[in-house]
There are 2 protein chains.
Amino acid sequence: MSGSAAAVTSEERAARAVWSGLVEPGDAVAGALVEAVGAAPALDWVRRRVAGSCTSTDGAWEQLEQRGGDLGPHGRRQVERALDRWAPRVARAADTDPASWRSEAERAGARVVVPGDDEWPAGLQGLGLTAPLCLWVRGAAIGPALDRSVALVGARASTSYGDRVAFDLADGLVHREACVVSGGAYGIDAAAHRGALHAGGRTCVVLAGGVDRAYPAGNARLVERTVTDGGAVLAEVPPGAVPTKSRFLQRNRMIAAMASATVVVEAAWRSGALSTAHHAARLLRPVGAVPGPVTSVASVGTHRLLREGVAVCVTDAAEVMELAGLVGTDLAPAHAEDVRAGDLLDPHARAVLDVLSARTPRSADEIAASAGVALSQARGALGLLELDGVVVRVGGLWRRAAVRRP
Amino acid sequence: MSGSAAAVTSEERAARAVWSGLVEPGDAVAGALVEAVGAAPALDWVRRRVAGSCTSTDGAWEQLEQRGGDLGPHGRRQVERALDRWAPRVARAADTDPASWRSEAERAGARVVVPGDDEWPAGLQGLGLTAPLCLWVRGAAIGPALDRSVALVGARASTSYGDRVAFDLADGLVHREACVVSGGAYGIDAAAHRGALHAGGRTCVVLAGGVDRAYPAGNARLVERTVTDGGAVLAEVPPGAVPTKSRFLQRNRMIAAMASATVVVEAAWRSGALSTAHHAARLLRPVGAVPGPVTSVASVGTHRLLREGVAVCVTDAAEVMELAGLVGTDLAPAHAEDVRAGDLLDPHARAVLDVLSARTPRSADEIAASAGVALSQARGALGLLELDGVVVRVGGLWRRAAVRRP
């Protein structure tokens, strides 16, 4: 179990585990009900409503509202509608048995993490009522590490360029002590997880299905390696749950909410990675996009994010960290401006140096006329440049010194 | 000569031609003086001041200010300082002979274009007092064409990727009836000019030196082809003038001002193309940058422009034209959103379809529980999907139809 489990009753934890199997991810009505009256009382009430042991006319609402305050007519209507969609699962006894979650967790080698636990990712609060009701977690307690984390997401149909960039970014982020979050898919996701593991860092795989079934199956070894190498694998649906399309989209919202920033490495014009980026933007989390060749269809989505102003252009781990990190402490190092000969000269000296020949010596008059400066300015500049060894006096004439520039 | 030459006296045109050789490009004091009293009177006055035939104490200022209004003490001081830097060239008689410009122009096959001429590029007004005093032009009357034009600029040390993109962009811009402006340098500039010529369109080469000396010499044939194929080659310095470093920088301001928008294709971290982009941004002209692989040093400068918010990300000619063109008429075509199976379904039907197996038929109860929808919603969705031929009823059970999706 998790660190400060004391703060959460085992009844509440069990009820949240059951809820995670009863409703689809992102069900705001379930979130509101659990928040209003607590997971266990809400579950108990829902079970009795579905079983028909109480109806809406025999004081069912009053029972509920005694605990949670007035839901109001709109809230009541929403819950009535939700009861219809929850009913088919509630009707299956096993799904609602608060005792069964333990065996499910044990079988999958997972634990159930709930709000109030130390390892509950703080960023999930940004999701409000659509936050996961619990997380099924295998591996390390990842919560605190997520305070300094980057979601690296992108195309399954990635190019070798994208894979390389994702791997290198993940490696660079680990060296900046950040945790790399991704979805465990083929392509960019896998490259990001691999880069983080390769660098000996932490990575977090957020699955759309249960934590006992790596999807895609081809990445099962990567998922296992994540667990054994200090990372974590997590999902908001219980072990055994299949990854459906809508669960993939809901998984993307979790990735966006958990990470400090989201970076898209490659993406098609329409892709899951873009949905993650838009989730992050809606949560006011920083979003980055890695550019690529305009001739590559794999970069069409990242360029779209840049064009639409959703994402900032990022090209290396330092720039990503500047996006994700703490203001001031994680600024990307200033790009080394290569100071060139002439940069430190005043404009007159630069103009004079510009027109000097290394072969043909010329008079100060000619030089002033060529450079378009006053004769006195030309003379002054020539004198200073001579001291620097940049120009040479030949009789009364001047030429550029024939040495290579530093 | 140019179209509406009637509006400009030949004396004024001649004087501007002389001025263009007397001062360095972008000399705001010359610009102010010419604007205040006219090019010919200003030239006459400057010649007499330098020759010493009048001094600042014998009414020289009064002579000047009779025509142009009070320059004020600050203006007077600026002009006194400018006289010092103009003097070395004014002292050479040939440089100030208003008659000599004609022979210079003839020798170079060029004409002198001044403000007031039809072919004077309207965009140059944005430069205010630092606008060119005249243009030396070879080839077509390019002025009106510049109202719909794009500057394509970039690295001399370009990659084959950058060359290809510049060529293709220029080609696409010509097909959108835009004129391509660039600097005639190796690399991106040359590729842009070539792409425009290849497409049978207009292109404009803006040189830092005289129009009679293509720089670099290796592009001399490209410059000649521009003139013969309906384009134009122009400069603000007279024929024979050498391209110095500061003239390259001033040339960049002209490119930025003349074109409707500036697009950088490839650029080093520090480069002339970036200076053009910054000039354009300062003139409130749209700026685009073409992304490239983050692993390419040739794209470091364009990514810098994107990161710093100076430029918009552009990936094809349609997007460039949206930047440069008239609002509404040149919008890039909406990207074809590929509608996928399921897109047009309501959420319940999508959820039901999502959990249906093509092999194992299941009951509506099971399907509702899997999909997380109410039993009535599942039944309704299954009925509609059956009508669409997407699901098949097998006894009382349902499975997905085994046909490939459209």
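These legends describe close-up views of a predicted model with chains A and B.

**View 1. Relation of chain B to chain A.** Chain B is superposed on chain A by a rotation of 180° with 0.0 Å of shift along the axis, at an RMSD of 0.1 Å. That is the relation of a two-fold axis. In chain B, the C-alpha nearest the axis belongs to B:G292, 2.3 Å from it. Of the interface residues of chain B, 98% are also interface residues in chain A, so the copies meet through the same surface.

**View 2. A:H303 and its surroundings, with residues of both chains.** A:H303 is placed in helix α12 of chain A, which covers residues 300-307. With a relative accessibility of 3%, A:H303 counts as buried, because the cut-off is under 20%. The side chain of A:H303 reaches the backbone oxygen of A:G292 at 3.0 Å. Neighbours within four places in sequence aside, the contacts of A:H303 in chain A are A:P291, A:G292, A:P293 and A:V294. From chain B, the residues B:P291, B:C313 and B:T315 are in contact with A:H303.

View 3. The largest nonpolar core has 73 residues. Those with the most contacts inside this core are A:V181 and A:L234 from chain A, and B:V181 and B:L234 from chain B. Apart from neighbours within four places in sequence, A:V181 is in contact with A:L146, A:S149, A:V150, A:A151 and A:L152, and also with A:H193, A:C204 and A:V206. Further contacts of A:V181 are A:I255, A:M258 and A:A259. Of these, A:I255 and A:M258 are among the buried residues of α10(A).

View 4. In chain A, helix α10 runs over residues 245-258, and its 14 residues should span 20 Å at 1.5 Å a residue. The end C-alpha atoms of this helix in chain A are 20 Å apart, which agrees. Buried residues of α10(A) are A:R247 and the run A:R251, A:N252, A:R253, A:M254, A:I255, A:A256, A:A257 and A:M258. In α10(B), the buried residues are B:R247, B:R251, B:N252, B:R253, B:M254, B:I255, B:A256, B:A257 and B:M258.

**View 5. B:N252 in helix α10 of chain B****.** B:N252 has a relative accessible area of 6% and is buried. Leaving out neighbours within four places in sequence, the residues in contact with B:N252 are B:G272, B:S275, B:T276 and B:H279. B:A208 is 44 residues from B:N252 in sequence, and their C-alpha atoms are 8.4 Å apart.

**View 6. B:P361 in the loop between α14 and α15 of chain B****.** The loop that holds B:P361 lies between α14 (347-355) and α15 (364-371). B:P361 counts as partly exposed, at 26% relative accessibility. Setting aside neighbours within four places in sequence, B:P361 is in contact with B:V394, B:L397, B:W398 and B:R399. The C-alpha atoms of B:P361 and B:G396 are separated by 9.0 Å, and the two residues are 35 apart along the chain.

**View 7. Domains of chain A.** The domain assignment gives domain 1 (7-106), domain 2 (134-324) and domain 3 (347-400) in chain A. Taken over C-alpha atoms, the centres of domain 2 and domain 3 of chain A are 59 Å apart.

Definitions and conventions:
Residues numbered from 1 in each chain as written. Chains lettered and ligands numbered in written order. Predicted model: local features only at pLDDT ≥ 70, side-chain atom pairs only at ≥ 80, totals over all residues. Heavy atoms only, no water. Core = buried A, V, L, I, M, F, W, Y, C linked by side-chain atoms within 4.5 Å. Buried < 20%, exposed > 50% of the residue type's maximum accessible area, 1.4 Å probe, protein only. Contact = heavy atoms within 4.5 Å. Least-squares fit on C-alpha atoms with pLDDT ≥ 70 in both. Helix = DSSP H or I, 4+ residues; strand = E, 2+ residues; numbered from the N terminus. Domains from an automatic or database assignment. Polar contact = N/O pair within 3.5 Å; in protein donor to acceptor, adjacent residues only side chain to side chain. Expected span 1.5 Å × (residues − 1).
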